Amino acid sequence: MTRRLRFGSHLIDLAARELSIDGRLLQLSPRVFDCIAYLIEHRDRAVGRDELMASLWGKADVADTQLAQVILRARRAAGDSGEAQQAIRTVAGFGYRWVAETSEENEAAAPSDLPATSGPAREAEKGIGDEADRPTAGEAASRPAKFPLHRTLGILAILLLALVAAGLLVFRLGDEKRRAAGVAPTAPSTSGTDRTIAILPATVDAADEWDWLRLGAMEFVAGRLRNAGQIVTPSENVIAVTRPLSDPKAMPPALKAALDPRWIVTPMLRKSDSGWIARLELGERQGGTREFQGDAEDPIGAARVATERLLVTLGPPTEVIGDMPTGAAEELLSRVDAALLVDDVDGARRLLAGTSDAMRATPEVRLRQATIEFTVGRNDVAAKALEALLPDVPAETDPLLRARIVSVIGAAHIRMGRAAEAEQDMNTALDLLKGLNAPALLGKAYMRRGVARSVLGRNDPALADFAQARIAMQLAGDTLGIALVDLNEGALNGLRNHPADALASFLRAEKHFERLNVPGELANALTNQILAYRLLLEPDEGLAASERSLSLLGHLASIEATHLVQVRRAQALADVGRWSEAGTQLDELSRAVDRTREAEIWAMSDTERARIELARARPEAALELAGPVVETLLAPEFATTRQDAWAIVIHALRALGREQDAADAVARFVAWADGTGNKSFAAHARLAEAEQAESTRRIEDADRFYANALTAANQDNVPADIADVAISYAGALMARGDLERAVPVVGLVDRYAARSYAAAVLQARLYRALGHTEAWRSALSRARALAGERPIPADVAAEPAAATAGIPVR
């Protein structure tokens, strides 16, 4: 349930990510809000400095000054101070503790639609209060609206709006089977052009007050070159590659290895007695450098002169795009952009607040102000501000700036769940960009429209948009953007129930993100791979992906992202029969996960624990774990996890001999599953009906339901769905002694027997029943090799009788 907590005159809404005082909403950066929320959530104890750093930054090796600044701002927001310490108390030599008297207000829990479990059901709060993703380059996202997706295989809308995603995204159900109208290019090049320029952060020889020039000058030079028609790698790519490097000399080779631009520009600025000197060193891909110098009274002026001289060498512009700010606006916007590149939303706000009214009224500054609102998740405020700006930026005079404005409006509409409006916004932006040499913005607009169309269930046009986005981003030299397109395509192919296609996209994305050193997105690519491998019945590959994800722990931007990596790792361990390791991981997660903020992580963890308990023949424990998931996880975005938990509940009830409760649970599950419109859920609904009919010896009904379940599973050809139905049906047929009909059903999973324990056991069971000793021994050997800690059923391990005549070995 949504959690709202009061302390003094303050009210904090963890789900809405809002802190107010006497009804007045306070504007906080995501990290300051997270600091307050984390301390409140753990107010029963002191929180260590390293723990708090890991929660806020995803790592513990953060400078003390950074944490001190966040604590200072958190205290101010809470009406506290370092002297009073009435809300946040410093624990000397350790960390901090929330000490303000705090009361909690919870909404009423949703009613249960399951029979009571045999043990005390643990209460779980409904809903999720996810923190906003860390802002990067002025486009950080709060958690977008979620929609159910087959097997939760997706991370789609988050990716457009932020470069560092924090966790799960599930997308809307869909039945479209048509291929995309366009096909994405497969060329290995990420730039798509041999004229790409990458601009490094500047080296600044001046007092500390000029540190902003390091990124401000980089953005300024990039903007000037881009305005002159040059192809400049988006700064987010450069920042991703160079962020972990402290030695400027190491940056050019790292950039060359990751992005392979034709030219690398290294800006250098030095304050002299008479003003400023800017030098731009132009490095060629094949070696050799040239230098261009500019002198002026101010640093941006000097950088402008040097850039103009550089442009003479690079060649005449293909087209001058839009107007560039001049004078004081140049420096202001450079400083704001530099602040946003390093997530300093508060600093950007202060810069804009400190300028003149006339400056704040200019379109570029108004765009930055709205972008900040968008960054902190105030999407409605951002959209209204930008819509008010549109009349002042006619398409006839500045189509590029208008396209930028409309594109951000569309992004805000996506977050607000207004996908149809977002699609129209992107149509407008794309019309404005026709004929303009702005491939980076064009790629982003196509990608955003693809997301909007995916939300609307228009999957084929969405795939075509992603293909167009990839081409545009190749032309822009935007490797990070291309990787995000891969993630989006993977999510959409998951939406279409095509896990093999989704996996291919996630594998491509992994390679890009690994080169670019973007741990958040890399974690998304890997955790989604694990799920895809689960659906493809390739547990060893899923385990390998989970092992690669372990290196990211301690480097992720949020605790939710860390927990997602851990729960997927546990699932991968369980899939290869390493139950003890999986159980240890899941037990630790159950203690660490916040069930309000991380509802789906909690549900995934307890569902996997329940699955293991059921396989260990402990139905009571399984029911106790899975029951609360079904009872409380009612939101449609959690449908896949709820379906898995529901199947466990039904099997546990039947194993406990609670036949009527099992029948009631099947009826409720079927009504729910059929109401979703999802074919995978429908297949499992028919399977539940078949198993219920089989348990009550209604053989004709069981056969009809099994046949319908197989038909539904075969429509999408997802191995996991086919195996679920075939293993159950073949087992029922063999139990009846109907081996002739069992043979072709077992044949449906023959291809998976070399890698799937359950398929290998089924194959061994059939060969034993048929009396084919050598085939049985081979299948049994495979099952034992795949078993891990899973026991081979006694009826499968026993020596077979003589062969049954007339039934061939498959």
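I started with a cut-off: I count a polar contact when a pair of N or O atoms lies within 3.5 Å, where within protein one must be able to donate a hydrogen and the other to accept it, and residues adjacent in sequence count only if both atoms are side-chain atoms.

**Ground rules**

I am working on a predicted model, so local features need pLDDT of at least 70 and side-chain atom pairs count only at pLDDT 80 or more, while totals for chains, interfaces and linings use all residues. I number residues from 1 along each chain as its sequence is written, and side-chain values use heavy atoms, with hydrogens and water left out.

**Aspartate 606**

I looked up Asp606 with that cut-off in hand. The side chain of Asp606 makes a polar contact with the side chain of Arg609, at 3.0 Å. Asp606 sits in helix α24, residues 599–615. My helices (H or I, at least four residues) and strands (E, at least two) are DSSP runs, numbered from the N terminus. Is Asp606 buried or exposed? It is buried, with a relative accessible area of 1%. For the record, buried means under 20% relative accessible area, exposed over 50%, and partly exposed in between (1.4 Å probe, protein chains only).

**Glutamate 740**

Next I checked Glu740, which belongs to helix α31, residues 739–747. Glu740 is exposed, with a relative accessible area of 61%. I also noted Leu770: it is 30 residues from Glu740 in sequence, and the two C-alpha atoms are 9.5 Å apart.

**Whole chain**

I got 34 helices and 14 strands for the protein chain. Of its 810 residues, 58% are buried. I take contact to mean heavy atoms within 4.5 Å. Among contacts between residues at least 6 apart in sequence, 63% join residues at least 24 apart.

I call two strands paired if DSSP finds at least two bridges between them. Strand β1 (residues 3–7) and β2 run antiparallel and are joined by four bridges, with Arg6 partnered by Leu11 in β2. Their hairpin has two residues between the strands, and Gly8 there takes a positive phi near 60°.

Ile12 has Leu19 of β3 as its bridge partner. That hairpin has four residues between the strands, and Arg17 takes a positive phi near 60°.

Which residues of β2 (residues 10–13) are buried? His10 and Ile12 are buried on one side and Leu11 and Asp13 on the other, which leaves both faces of the strand covered.

**The β5-β7-β6 sheet**

I found an open sheet of three strands in the order β5-β7-β6, with antiparallel pairing. β5 (47–48) and β6 (88–91) are at the edges with a single partner strand each, so one side of each has no neighbour in the sheet.

β5 pairs with strand β7 (residues 95–98) over two bridges, and Val47 stands opposite Tyr96 in β7. β6 and β7 are joined by four bridges, where Val91 has Gly95 of β7 as its bridge partner. Their hairpin has three residues between the strands, and Gly93 takes a positive phi near 75°.

Helix α1 (residues 30–41) lies across β5, β6 and β7, running at about 70° to β7. I take axes as lines fitted to C-alpha atoms, for helices over the stretch in contact, with angles from 0 to 180 degrees between N-to-C directions.

**Helix α8**

I followed α8 (residues 299–314) from end to end. At its N-terminal end Asp298 is the cap, with a side-chain oxygen 3.3 Å from the backbone nitrogen of Ile300. Just after the helix, Gly315 takes a positive phi of about 110°.

Its buried residues include Ile300, Ala306, Leu310 and Leu314. The buried residues of α8 pack against β9 (196–199), α5 (213–227), β12 (263–272), β13 (275–284), β14 (289–296) and α9 (328–341).

**Nonpolar cores**

I define a nonpolar core as a set of buried Ala, Val, Leu, Ile, Met, Phe, Trp, Tyr and Cys residues joined through side-chain atoms within 4.5 Å. The largest one has 157 residues, and Ile199, Leu225, Ile405 and Phe513 have the most contacts inside it. Helix α14 (residues 399–415) gives the largest share of this core, 10 residues. Apart from it lies another core, of 48 residues, among them Ala693, Ala713, Ala760 and Leu786.

Last, I listed what Leu225 touches, not counting residues up to four places away in sequence: Ile197, Ile199, Gln230, Val232, Thr307, Leu310, Leu311 and Leu314.
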